[in-house]
Amino acid sequence: KMTQQMRDLQLAQARKPPGPSSPNAAKRLYRNLSGKFRVNYTSFDEGSLVGRGEKEKLRKSYLFQSNAALFEAVELQDLDRVQELLKQYSPEELDLNTPNSEGLLPLDIAIMTNNAPIARALLQAGAKESPHFVSLESRSLHLSTLVREAEQRVNELTAQVVNEAPNADCSEKEKQLKAWEWRFRLYKRMKAGFEHARVPDAPTNVQLLVASSSSVQVTFWEPLSVNSAVVTKYKVEWSCSPTFSPLLGEAVIDKLKNLHFTIQGLVSGTAYYVQVSAYNMKGWGPPQASVPPCAIPSNWREYDGRAPRRRGQAEALDHLLGQVKTVHQHCVCHEPCKNQPQSRKHSVSKSLKHLFHPSSKFLKTLKRGLYLTAIFYKDDNILVTHEDQIPVVEIDDTYSCLLMQDFLWFTKVSCMWDEILWLRQCVTVSQSSCSCILQTRFKMLLAISQMQGLLGIQDLGQVFFEPVKDKQGNILIVTLKEVKTNQTFESVRWVPICKLQTSRKSVSSPEEPTALDTLLISVQDKLAYHQRSSHALSPGLYLGYLKLCSAVDQIRVLVPEQLPNILCHVKIRSNPNISRQEWEWLQKMASVEEPVPAELEADTSQNPLFHELQVAIKELMTLVNIPLQEAKDFRLYSQEVLDFGDQVSFLLLLPPSDDVCTAPGQNNPYTPRSGFLTLPLQIFELGEER
């Protein structure tokens, strides 16, 4: 390519005794190359100095070629090649913000040739303009110098080609002439692009949001005009005065992946005005005031001074647990736990060898009773015993108590796998009553200890939301845990799930499969549930739908299959904060009777939250298959906003009070579409906590 040819000729000329044809070329080339190939040899060990030094030179030479390739792609306006290089190399490897021998950066060339797509790609990667251009005059002078030197070089080479007889040197000079003619045209195009450019128009769609009781967030779009040069940065200014005098602060945004900025450290209850302006190579454009023009930092809790619901709860529970432990620590009323591991710090690779120990007590077949099985998986593989069985241990072979209450108790125990030994001691102390429930729960703790001892792993994972049953009276409690490490374990057998499913010899009929067969058939669904239940919502304010159904022994809650740890929901907006003004409006709407007063109706029509809720309610009703006309009887829960950390919050939409919870035998007129399931309320609460 022409640009690469010209660079090769420059390097060749720099090595020739007569010196460079341009008076400044040698200095620029030396300055450029010396920076590229400079190596700090003092950091190398003396014994490997030569070898490592040569490798470093080769690496830097390779990266220098990548830098040259990026300049060439930008000069030739090859967007695909630019994107390929930006994807292949980091900004540091490309020397993205190191000027070349002409004092230019890739972004300078892109914006002065008005190549907006390439300029945006470079800006997204973190490219900046050359620091040499401190003013319009300095940029204009630099471009004029480049054009003049290139024109001078073209004239010199033209004279040499015309006056010399045809020979090898003449052919070489013709190549140089073509390269310099191309560069001369590039510099003239850059100079013309700079001279014809104008300052950018104001940014568009400047929106101001209340982010918290001490911050506001401004979001904006690029200017609409396509005739001016590419915008390379923005400036956000804020003040307590609509005239912006005095100015309280400003911030320059040069990372343009996301056009928003949060102003921190503001005073709650004070109105702040915000405006945004754009910058290109011709300077700053006019500012654009935000909509609304000002915002007051606040939070809905300021309405009645309510403290966060969960403040201090975790600490209080830890303190309570510590007190309970203190009471029981002097009791000597438990037998030694043979199966309990002596140390909690077993290496996983060593511990998992117990799976293949001939004396292991894992079961191969089930009799009538209650069992515990632990599923450990990695990608599409599952961990099995030396007999190609999923690890199973017996809990109780004479199980006859009410299952659901014991199962829900077991799920709570799963939150403290590390405390099983202590729990066993406590339950043993309480067995004087010979309660069936206590005996069953003590056996559950024994089974957990046995599974932990055989596996050598304390954390057995998350309990699946319902046991697996069969008609023979077997009940399987299933725990699930993903092994994310890439370490290869010795003697441990990871078996592809599909292979385990096809190779297992079933001892039951297809009409009446055993609990183990049912588990194996549905294991992919259970793994998918486990993975989905750990997904988190993106930051924002959501509208959730609370729908319950009751049975004899439990209450269940409707959740989406794709996110079973969260209620059915739709996103209202990306800003999770509800301001005090918005909460006051919601309280007024919840307290008024039909018809709505005229002043409140006028206030409502101008409220952005009202329109956001309208859209969200329509979307949510469609999602859960409820006709929109029925939504008029629904109501927003107005007692509080449900905050899940600082980044996610929920408003709840409730059916009429008689329909919040469907009783046994009661028909639900609106059945949700596919993609939903109902979880026991206690399981849902544990999943939400996780």
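Q: Which residue stands opposite F644 in β22?
A: V648 of β22 stands opposite F644. The model is predicted, so local features need pLDDT of at least 70 and side-chain atom pairs count only at pLDDT 80 or more, while totals for chains, interfaces and linings use all residues. Residues are numbered from 1 along each chain as its sequence is written, and side-chain values use heavy atoms, with hydrogens and water left out.

Q: How many helices and strands does the chain have?
A: The chain has 20 helices and 24 strands.

Q: What other strands pair with β22, and in which sense do they run?
A: Strand β16 (residues 540-545) runs parallel to β22 and is joined to it by six bridges; in that pair, L541 has S649 as its bridge partner. Strand β20 (residues 635-636) runs antiparallel to β22, with two bridges, and here R635 is partnered by L654.

Q: Is β22 mostly covered or mostly uncovered?
A: A residue is buried under 20% relative accessible area, exposed over 50% and partly exposed in between, using a 1.4 Å probe and protein chains only. Strand β22 covers residues 648-654 and is mostly covered, with seven of its seven residues buried. V648, F650, L652 and L654 point one way from the strand, S649, L651 and L653 point the other way, and all are buried. For the chain as a whole, 44% of the 690 residues are buried.

Q: In what order do the four strands of the open sheet stand?
A: The order is β23-β17-β18-β24, and the pairing is mixed. β23 (661-662) and β24 (676-680) stand at the edges with a single partner strand each, so one side of each is left without a neighbour in the sheet. Within this sheet, β17 (residues 548-550) and β23 are parallel and share two bridges; C549 stands opposite T662 of β23.

Q: Which strands pair with β2?
A: Strand β1 (residues 204-212) pairs with β2 (residues 215-221) in the antiparallel sense over six bridges, and a hairpin of two residues joins them. Strand β5 (residues 260-263) is also antiparallel to β2, with four bridges. V218 takes part in both pairings: it is the bridge partner of L208, and it stands opposite F261 in β5.

Q: At what angle do α4 and α6 pack?
A: Two packed helices are described by the angle between their axes and the distance between the axes. The axes are lines fitted to C-alpha atoms, for helices over the stretch in contact, and angles run from 0 to 180 degrees between N-to-C directions. Helix α4 (residues 79-88) and helix α6 (residues 116-124) pack at about 5°, with axes 10 Å apart. They are therefore roughly parallel; the classes are roughly parallel under 35 degrees, roughly antiparallel over 145, roughly perpendicular from 65 to 115, and oblique for the rest.

Q: Which residues of α4 and α6 make the contact?
A: Contact means heavy atoms within 4.5 Å. L79, V82 and L86 of α4 meet P117, I118, A121 and L122 of α6. The buried residues of α6 are I118, A119, A121, L122 and L123.

Q: What is found at the start of α6?
A: A polar contact is a pair of N or O atoms within 3.5 Å; within protein, one must be able to donate a hydrogen and the other to accept it, and residues adjacent in sequence count only if both atoms are side-chain atoms. At the start of α6, a side-chain oxygen of N115 comes to within 3.3 Å of the backbone nitrogen of I118. After α6 comes G126, with a positive phi near 100°.

Q: Where is T411 found?
A: T411 is in helix α11, residues 403-413. T411 counts as buried because its relative accessibility is 2%. Its side chain reaches the backbone oxygen of L408 at 2.5 Å. Leaving aside residues up to four places away in sequence, T411 touches V463, I683 and L686.

Note on methods
Two strands pair if DSSP finds at least two bridges between them.
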